[in-house]
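Let's work through some exercises together. Have the sequence and the 3D view ready, and try each task before you read its solution.

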Amino acid sequence: MDNHTTRRPGAGLIALAAAFILAAASSAGAQGYGRIISDADEEAERPIRPYLMLNLGYGDPTDDAYSLAFSRPYFRFGGGFGMKFYSFGAEVILRYGRQEETRVVASSPDDAPFRTFYISTTEVQFRLLVRPQLGKASFPTGVGIGMASMTIDRGYPGVFDRFSGSGLYIGPFAGIEYPVGDMFAIGVEAEYAISESNFTGSRAWENQHSPMINGLGGSFPATEDDFWDTVGESGDSEFTNGGLIVSIRATMYIPTFSGND
């Protein structure tokens, strides 16, 4: 009897086939795992998206003095930079407005009937917001805090009576925004501004023009009795630059790249 073990011819083939099947299954499992992870990465929204934003708004200041001097609506325009983090965000906005209008304020030419009123505002805001989502539309809602500076001119002919003041600015807002492609979005928002400017440089103007004031009998000829004639004197030296502002906002997202792109 031969001491060597008899080998069956099919045993080697069976072992080779089993090894092939195990290798194929292992490879398929690895590919399936890698595909699942890749798909999840592709479908997940990138957590941080920087963007540039344009803001064009309309809203007359609530101070009664504004309607005394101006008959046209007050527009403000500007923009800024923002950062979206999932459904949260932060923005820095600079917005500017300017208005100038010539009006007749007296019936006699001797009383300088024409006066050119001027107002400009500059707002700097830091905003914190959330973006609830409904379908493709988002609803940015938050509050902006910053400073507002203002320059006004009461328009007395031949007299420099232009002042600047500033104050705290708070503006809660809410709106709706809809994507236009992958990189752009457009929307509208309503903001209620809370702001008041104080004119601290009025005393210097009084001292400079006191001889002229005395020569005119103690006051300038005018018909109004509100802000536009009392700022710089002992009366009202504050201006309420608040109220409802309705704005169009356009957003352009800045492309970002990662190692997997």
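**Exercise 1. Aromatic rings**

Task: Find which aromatic cluster Tyr66 belongs to, then examine the pair made by Tyr58 and Phe75.

Solution, step by step:

1. Tyr66, Phe70 and Tyr74 form one aromatic cluster. Before going on, note that this is a predicted model, in which local features need pLDDT of at least 70, side-chain atom pairs count only at pLDDT 80 or more, and totals for chains, interfaces and linings use all residues. Residues are numbered from 1 along each chain as its sequence is written, and side-chain values use heavy atoms, with hydrogens and water left out.
2. Rings of Phe, Tyr and Trp (its six-membered ring) pair if their centres lie within 6.5 Å; planes under 30 degrees apart count as stacked, over 60 as edge-to-face and the rest as tilted. A search of the whole structure gives 6 aromatic pairs.
3. Tyr58 and Phe75 make a tilted pair, with 5.5 Å from centre to centre and 45 degrees between the planes.
4. Tyr58 belongs to strand β1 (residues 48-58) and Phe75 to strand β2 (residues 75-85), so their pair ties together parts that are 17 residues apart in sequence. Helices (H or I, at least four residues) and strands (E, at least two) are DSSP runs, numbered from the N terminus.
5. Tyr58 is partly exposed at 38% relative accessibility, and Phe75 is also partly exposed, at 47%. Here buried means under 20% relative accessible area, exposed over 50%, and partly exposed in between (1.4 Å probe, protein chains only).

**Exercise 2. Charges over rings**

Task: Over which ring does the charged end of Arg49 sit, and over which that of Arg127?

Solution, step by step:

1. Start with the rule: a charge sits over a ring if NZ of Lys or CZ of Arg is within 6 Å of the ring centre and within 35 degrees of the ring normal.
2. For Arg49, the ring is that of Tyr253, with the charged end 4.2 Å from the ring centre.
3. For Arg127, the ring is that of Phe173, and the distance to its centre is 3.9 Å.

**Exercise 3. Arg95**

Task: Is Arg95 buried or exposed, and which side chain does its own side chain meet in a polar contact?

Solution, step by step:

1. Locate Arg95 in strand β3 (residues 88-104).
2. Its relative accessibility is 1%, so Arg95 counts as buried.
3. The side chain of Arg95 makes a polar contact with that of Asn55, at 3.1 Å. A polar contact is a pair of N or O atoms within 3.5 Å; within protein, one must be able to donate a hydrogen and the other to accept it, and residues adjacent in sequence count only if both atoms are side-chain atoms.
4. Beyond four places in sequence, the residues in contact with Arg95 include Asn55, Thr121, Tyr169 and Ser247. Contact means heavy atoms within 4.5 Å.
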